[in-house]
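Welcome, and please open the structure in your viewer. We will go from stop to stop, selecting a few residues each time and looking at what is there.

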Amino acid sequence: MYWEKDIETLSFEKLKEYQLIKLKETIFQSKKSEYYGKKLKDIDSSSINSISDISNLPFTTKQDMRDNFPYGFLTVPLDDVVRLHSSSGTTGNPTVVYHSKQDLDEWTNLVARCMYMVGVRKSDVFQNIMGYGLFTGGIGFHYGAEKLGVLTIPIGPGNSKRQIWFLKEFQVTTIHILPSYALRLYTFFEELGVDPKKDLKLKTAFIGSEPHSEEIRKKIELLYGLKAYNSYGLSEMNGPGVAFECQYQDGLHVWEDNFYIEIIDPDTGKVLPDGEEGELVITTLKRDAMPLIRYRTKDLTKIIPEKCKCGRTHRRIDRIKGRSDDMLIINGVNIFPVQIEKTIMKVPEVGDNYIIELKKENFMDKVFVKIEINENTFHGTLNEIEKLQKKITEELKSELGINPVVKFVESGSLPQSEGKAVRVYDLRNK
Ligand code: ADP
Ligand code: ZN
């Protein structure tokens with residue numbers, strides 16, 4: 001049941017003591033970099049007596065990483081760096097994260113821990129449908145799975161018919177996939193005459209990398225007849241393997257021997273108590289080549305204060321609501337795209353894809369929700385369609401206080417991306 005029982009079930013007090021030691025080491029290590037050498041020059045580790053004293057340290061932002069491109073955060077000689085991952089950098093310098101051999105071993109171990117936690121074993125066959133390359137999703141899981149001794153198929157995303165062929169021929173039991181792509185992939189099964197529930201041996205899916213609602217998870221579980229576990233990570237913190245659901249699927253355990261987490265008020269920077277929603281801030285506790293202190297993820301969530309039934313002591317975070325930048329202000333009402341998703345996905349006729357368009361009309365914000373609906377409904381009578389449109393509009397109105405125009409489109413007709421789904425098209429300033 002546990003990959004590393006002693007660490008995963010360490011008592012809360014012992015975990016804090018361990019974190020304090022690791023934080024001091026991290027401060028020491030980080031000061032070897034040009035950036036933290038200057039930033040933390042007045043910080044003396046001996047003044048840190050408990051892990052909560054971390055709140056006296058400054059935050060680190062994505063902008064700090066960009067401003068110190070390329071090597072400002074590096075703490076080891078380049079000779080000891082064995083890999084880098086980088087964001088796309090379309091809006092300026094990319095953010096680059098460097099890894100030493102030791103960093104990659106730690107990362108691999110964390111992913112193995114995640115997979116083992118929900119029952120993946122040597123006898124499984126794993127199809128990794130997540131992108132490989134600079135994006136950390138694919139490669140992160142790849143090494144974790146191989147460490148567990150699992151037969152790993154590094155197929156990457158796209159080419160849906162080939163995906164299905166592999167799933168069937170190799171009796172794949174475990175997949176790692178973007179939730180948006182899992183729904184799209186499903187639309188290809190019928191054409192190939194393959195029934196995912198009868199003809200495949202799938203039992204576990206890891207879904208993550210993009211915000212998604214509980215409704216989407218349920219839909220994926222139902223369509224494929226498997227259990228889908230939410231996986232959270234970001235390239236600044238290696239990638240996948242930061243926080244992960246256990247068999248109870250009730251919040252994501254953060255591996256607190258590697259990451260110290262805080263929730264802050266994004267406006268004031270004040271640390272909030274467990275249970276309150278705010279921005280997730282993470283400090284690496286074991287990273288060698290590029291430690292990051294109090295990194296502001298911009299991801300909104302809360303820490304779940306209760307202990308988990310599984311026996312692990314590492315605290316859980318709630319499903320990510322979105323990034324603070326994702327919040328839409330629609331005629332003064334604050335809404336996250338995932339809240340719209342939650343409402344529309346409750347309706348069984350709704351298919352696998354949707355987009356939200358925002359426009360200005362007479363100086364007011366107007367929301368258009370375009371939804372793919374399943375084949376039968378799309379070809380239903382006008383009356384039925386109008387009734388369904390009205391129902392969804394009313395639900396969005398009553399649950400979110402917006403008055404959208406709901407439009408149905410044919411399955412497969414909305415834009416699709418191979419990477420993370422783009423759901424919002426804000427045309428208000430165009
Ligand atoms: P990019 O910044 O280019 O999107 P990353 O792969 O580092 O590249 O993306 C990490 C971000 O993806 C996280 O900060 C978070 O916003 C989002 N994310 C990752 N996993 C999840 C998840 N399980 N649920 C919601 N959002 C997620
Ligand atoms: Zn648990």
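A residue counts as buried when its relative accessible area is under 20%, as exposed when that area is over 50%, and as partly exposed in between. Keep in mind along the way that this is a predicted model.

**Stop 1: a glycine in a loop**

Select Gly-251, in the loop between β8 (243-245) and β9 (252-254). Is Gly-251 buried or exposed? Its relative accessibility is 8%, and because that is under 20%, Gly-251 counts as buried.

**Stop 2: the zinc ion**

Next, select ligand 2, the zinc ion, and show the side chains around it. Which atoms coordinate the zinc ion? They are SG of Cys-246, NE2 of His-253, SG of Cys-308 and SG of Cys-310, at 2.1 to 2.3 Å. Along the chain, these donors follow the spacing C-x6-H-x54-C-x1-C.

Try the angle tool here as well: the angles among the four donor atoms are 101 to 117°, and the site is tetrahedral. For four tetrahedral donors, the ideal angle at a metal is 109.5 degrees.

**Stop 3: two cavities**

How many cavities of 30 Å³ or more does the structure hold? There are two. The largest cavity contains about 80 Å³ of space. To see its lining, select Asp-103, Glu-106, Trp-107, Leu-110, Asn-238, Asn-258, Phe-259, Thr-284, Lys-286 and Arg-287. Colour helix α5 (residues 101-117) too, as this helix gives the largest share of that lining, four residues. By class, the lining of the largest cavity has three nonpolar, three polar and four charged residues.

For the second largest cavity, with a volume of about 50 Å³, select Met-65, Asn-68, Phe-69, Pro-70, Phe-73, Pro-94, Thr-95, Val-96, Tyr-98 and Met-290. This lining has eight nonpolar residues, two polar ones and no charged ones.

Phe-69 and Pro-70 are joined by a cis peptide bond, with omega about 0°. Pro-70 itself is in the loop between α4 (62-67) and β1 (81-86).

**Stop 4**

Move on to the second largest pocket, which has a volume of about 640 Å³. Of its 26 lining residues, those closest to the centre are Tyr-186, Leu-223, Gly-351, Asp-352 and Asn-374. Which element gives the largest share of the lining? That is α11, with four residues; α11 covers 214-224.

Colour the model by domain next: domain 1 (1-324) and domain 2 (328-426) each provide at least three residues of the pocket lining. By class, the lining has twelve nonpolar, five polar and nine charged residues.

**Stop 5: two positive phi angles**

Gln-171 has a phi of about 50° and belongs to the loop between α7 (160-169) and β5 (174-177). Its relative accessibility of 32% makes Gln-171 partly exposed. Asn-331, with phi near 45°, is in the loop between β16 (328-330) and β17 (333-335). At 38% relative accessibility, Asn-331 also counts as partly exposed.

Key:
Residues numbered from 1 in each chain as written. Chains lettered and ligands numbered in written order. Predicted model: local features only at pLDDT ≥ 70, side-chain atom pairs only at ≥ 80, totals over all residues. Heavy atoms only, no water. 1 Å grid on protein atoms, 1.4 Å probe; cavity = no way out; pocket = protein on both sides within 12 Å on 5 of 7 lines; lining within 4 Å. Points joined across faces, edges and corners; volume = space filled by probe spheres on them. Nonpolar A, V, L, I, M, F, W, Y, C, P; charged D, E, K, R; others polar. Donors = N, O, S within 2.8 Å, 3.2 Å for Na, K, Ca; no water. Tetrahedral: all angles 85-135°; square planar, octahedral: opposite > 155°, others 65-115°. Domains from an automatic or database assignment. Buried < 20%, exposed > 50% of the residue type's maximum accessible area, 1.4 Å probe, protein only.
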